[in-house]
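Good morning, colleagues. Please have the sequence and the coordinates open while I go through the points I have selected for today.

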Amino acid sequence: MKFGTKALHAGIVADPSTGAIMTPIFQTSTYVQEYPGTHKGYAYARGKNPTRTQLENNIAALENGTNALCFSSGMGAIDAVIKLLKPGDEVITGDDIYGGSYRMFSKIYEPFGIKFHYINLYDAENIKNYINENTKLIWAETPTNPTLKIVDISAVSAIAKANHILLAIDNTFASPYLQNPLDMGADIVMHSATKYLGGHSDVVMGALVTKNQELHDRLAFILNSCGANPGPMDCFLVIRGIKTLHLRVKAHCENGRAVAHYLRNHPKIGKVYWPGFEDAAGHETAKKQMRDFGGMVSFTLKGDDFEAAMRFATNVEVFTLAESLGGVESLVNHPASMTHASIPKPEREKAGVVDGLLRLSVGVEDIEDLIADIEQALEKV
Ligand SMILES: *Cc1c(COP(=O)(O)O)cnc(C)c1O
């Protein structure tokens, strides 16, 4: 089955009791048992819920995995992966990962005795310098947020496998329509389903996908034990969102391409970050491992001026100033003061998150209106 067909149908079963074509919202906390321990596979809704099961089967199919688990948020999903570890274990991760991941790793898990190395993952060979007998996990994001750098998943996976280290990829920015890390050797794929999977800025959710039953069972045990399960209404919303994932991401990519080229030719713009440019760092890898380059575009205003960035962000009219990404509507975000404010300034700037940087989540509006909006906002800068 091809991707669009899977998005609509994989794992989705019409309700046998009524024939309802859309997955019902099973708004229940518990299930009737015929005899203690004898039930239809569902005992208590923290562990399993039928709406969630259909969504999990659907997401597993989109990532070419065998199992998926859904969580109350992307952070809940990441938290479950880190709980596979124990004190003394070490993790190698990127130096420009999502701000919330950095905050969880450094503020919550470092005090529990897990050590994190925040390094440049773009040069896969560099990873070898940080591996020792305690290294248990490589946590990578690609494309990265907000400078859209590309990690070579196959190259990192070869190093992880040779050293018996788990590789988890945060695939939020690409979505399964553009990139399938399990096919390139990753052990775990993570999504903030809040973004492209949900796609309509109306739900917060996370997901993990694996193709290894033992790993899945450990993660399912953590989900049920620690309780970051999503509600059935949220699962319904993401099931509905995914039905148009292929159509939306195609449109995001087309608009992202047009916006990136427009910005690159504008005299007030400094750098433009978009992995589709032939001279972008990681372009060749992106071409190899992604089907297109996505709808995220970041740029700096000439001079990296904070005030200029604020003027742009507050003068756009079709774009909306907000955190988050991956919804149908276009958003602008100022990473240094919004999504990445929890990263100390020197580390932030090392990763390119300067005061003049803006990140666009290019939506699916008509491209003429998006370009006209950027043009008028730049006139006011
Ligand atoms: C949003 C995001 C997360 C966190 O997900 P939530 O659903 O907000 O908890 C993790 N990684 C990336 C790349 C994200 O964009």
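L321 has V332 of β11 as its bridge partner. The model in which we see this pair is a predicted one. The strand β10 pairs with β11, residues 331–333, in the parallel sense, and two bridges connect them. In general, the strands of a sheet pair through backbone hydrogen bonds, in either a parallel or an antiparallel manner.

Where do these strands belong? They are part of an open sheet of five strands, whose order is β8-β9-β12-β11-β10. The pairing in this sheet is mixed. Which strands stand at the edges? They are β8, residues 269–273, and β10, residues 320–321. Each has a single partner strand, so one side of each is left without a neighbour in the sheet.

The ligand sits in the largest pocket. Two elements give two or more residues each to the shell around the ligand, namely α3, residues 74–82, and β6, residues 188–192. There are 14 residues around the ligand, and those that come nearest are G74, D170, S192, T194 and K195. Sorted by class, the shell comprises six nonpolar, five polar and three charged residues.

For S192, a polar side-chain atom lies at 2.8 Å from a ligand oxygen. With M75 the backbone is involved: a backbone N or O atom of M75 lies 2.9 Å from an oxygen atom of the ligand. As for accessible area, the ligand taken alone exposes 380 Å², and the protein buries 92% of that.

The peptide bond from T142 to P143 is cis, and its omega is near -10°. P146 also has its place in the loop between β4 and α6. A cis peptide bond joins N145 to P146, with omega about 5°.

Finally, which residue has a positive phi although it is not a glycine? That residue is N64, with a phi of about 55°. N64 is found in the loop between α2, residues 50–62, and β1, residues 67–71.

Thank you for your attention.

How values were computed: Residues numbered from 1 in each chain as written. Predicted model: local features only at pLDDT ≥ 70, side-chain atom pairs only at ≥ 80, totals over all residues. Heavy atoms only, no water. Near = heavy atom within 4 Å. Polar contact = N/O pair within 3.5 Å; in protein donor to acceptor, adjacent residues only side chain to side chain. Areas by Shrake-Rupley, 256 points an atom, 1.4 Å probe, with all protein chains shown as cover. 1 Å grid on protein atoms, 1.4 Å probe; cavity = no way out; pocket = protein on both sides within 12 Å on 5 of 7 lines; lining within 4 Å. Sits in = over half its atoms within 2 Å of the grid points. Helix = DSSP H or I, 4+ residues; strand = E, 2+ residues; numbered from the N terminus. Nonpolar A, V, L, I, M, F, W, Y, C, P; charged D, E, K, R; others polar. Pairing = 2+ DSSP bridges.
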